[in-house]
Amino acid sequence: MKKILINQSKLSGSVTLSGAKNSALRMLAASILTSQPIKLFNYPSTLLDAKIHVDMLKVLGKQCFIEGDTISITEIGQTNANLLWNKRSIRNSLLILGALTARYGHASVPLPGGCKLGDRKYDLHVNLLQQLGAEVVEKDNQLITFVKNKKLRGADIHLPIRSTGATENGLLCGCLAEGITRIWNPHIRPEILDLIQLLRKMGAKITVYGQEHIEITGVSELHDAVHRVIPDNMEAITWVIAACITEGDIEIIDFPYDDLQSVMIHLESAGGKFYNNKGSLIVRGSNCYPLEVATGPHPGINSDIQPLLAAWAVKAKGRSTITDLRFPGRYNYIKEMSKLGVTYNINGDMLSIDGSGGDIAGASVEALDLRAGAALSLCGLIAEGETVISNAWQIERGYVDFVDKLQSLGGSTSYVD
């Protein structure tokens, strides 16, 4: 079990963003929809969740060849629709279930894993598959589907909330379903649009009607495609906050500014100094002022970002408030931050942090999930003394070469046993 050791550091230099985890994993699931080759560039191959997903594809009968940041997925011989897996599962197993069901008319996958973010169940996915004509049962820690005529049927899917995962599953299933599938109240965000671009290259017929609905006309089969994964906006925001709170100076290459306008406006209002530079963003550390933010569907502030904003709040002088109506259970990380000396209060869905200007002290803390681990790392960069983060593998689930990139920017950090 790796640990990350971090000491107070001022970051400066240049960093290039890797491919987006939340795009790449969905595209791996999309490769199941066809027997023809899929090639992805800017693919974050070293992510732990990506490695698990690739191993799952291999169990299903796919062949995956990785060279640098490129992955080629091919299929030789018979593949199967039953994912026999006894290792750590990932949330993306729900999309594997949808893709397998759409292609084969039946499937079996392990119950989903991933970050435990409050009451994060999978009923939306089950309801979606049922509305498209599949029977779904849970047995022996497996989700199992069966379609009587082996072909899903198009339907109007009305999502009660703007769910990213359910929107993605609706897209995957609708591509090969008979007739027209409409997803009402979808979550239109950059990673969804990136997945749609790949599916269109594969021959899918998809029309997006803004935030109102997505229409998918089913086709009999999909074919090969080549696609470049978009830059990871979560990594982008991590480096933005790292530069600001350490009073550093970082150029972020391939910065997806258009995808992050809401959070960037808040950070600029709270003292951030940003300069666009033809495809990159220059971030110069300055005073961090308190924030008052609430998470919401894109183009609002993604719930994934709020633990990182908590690190900003620690650096600011004064009280910041973060409201997360979707995953209030995600505030568990603040108990770990309190070990560094962070003062906070939770009132219902709202987290208040009394920022001390970064006057915190290093301690031993635990990464409870992916973004919590990244947020604790940010706090470690401004804490006096040594911070040791256990369960560091959580960070590796979503950041490519996290420690190496920190070191290249002047961060005093390393792995320890």
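A salt bridge is here a side-chain nitrogen of Lys or Arg within 4 Å of a carboxyl oxygen of Asp or Glu. The model is a predicted one, in which local features need pLDDT of at least 70 and side-chain atom pairs count only at pLDDT 80 or more, while totals for chains, interfaces and linings use all residues. Residues are numbered from 1 along each chain as its sequence is written, and side-chain values use heavy atoms, with hydrogens and water left out.

By the salt-bridge rule, the count comes to 16. One of these pairs is Glu396 with Lys2, whose closest N and O atoms are 3.6 Å apart. Glu396 belongs to helix α12 (residues 393–396) and Lys2 to the segment before β1 (3–7), so the pair ties together parts that are 394 residues apart in sequence. Helices (H or I, at least four residues) and strands (E, at least two) are DSSP runs, numbered from the N terminus. Glu396 is buried, at 15% relative accessibility, whereas Lys2 is partly exposed, at 42%. In these terms, buried means under 20% relative accessible area, exposed over 50%, and partly exposed in between (1.4 Å probe, protein chains only).

Another salt bridge brings together the side chains of Lys21 and Asp49, at 3.9 Å from N to O. This pair links distant parts of the chain, with Lys21 in helix α1 (residues 21–30) and Asp49 in helix α2 (residues 48–60), 28 residues apart. Lys21 is buried, with a relative accessible area of 8%, and Asp49 counts as buried at 3%. Both residues take part in a network of salt bridges that links Lys21, Asp49, Arg88 and Arg397.

Glu215 is in strand β12 (residues 213–217) and Arg182 in strand β10 (residues 180–184), 33 residues apart. Glu215 is buried at 18% relative accessible area, while Arg182 is partly exposed at 24%.

How many disulfides does the structure hold? The number is zero, a disulfide being a pair of cysteine sulfur atoms within 2.5 Å. The sulfur of Cys173 has its closest cysteine sulfur in Cys175, 9.0 Å away, which is too far for a bond. Cys288 is likewise in no disulfide, the nearest cysteine sulfur being that of Cys244, at 5.6 Å. Cys173 is buried, with a relative accessible area of 0%, and Cys288 is buried at 9%.

On a 1 Å grid over the protein atoms alone, a cavity is a set of points where a 1.4 Å probe fits but cannot get out, and its lining residues have an atom within 4 Å of a point. Grid points are joined across faces, edges and corners, and a volume is the space filled by probe spheres set on the points. There are two cavities of 30 Å³ or more. The largest cavity holds about 40 Å³ of space, and its lining includes Ile32, Lys62, Glu75 and Tyr104. Helix α3 (residues 93–104) gives the most to this lining, with three residues. The second largest cavity holds about 30 Å³ and is lined by residues including Ser18, Pro44, Asp232 and Val400.

Terms used:
On a 1 Å grid over the protein atoms alone, a cavity is a set of points where a 1.4 Å probe fits but cannot get out, and a pocket is an open set with protein on both sides within 12 Å along at least five of seven lines; lining residues have an atom within 4 Å of a point.
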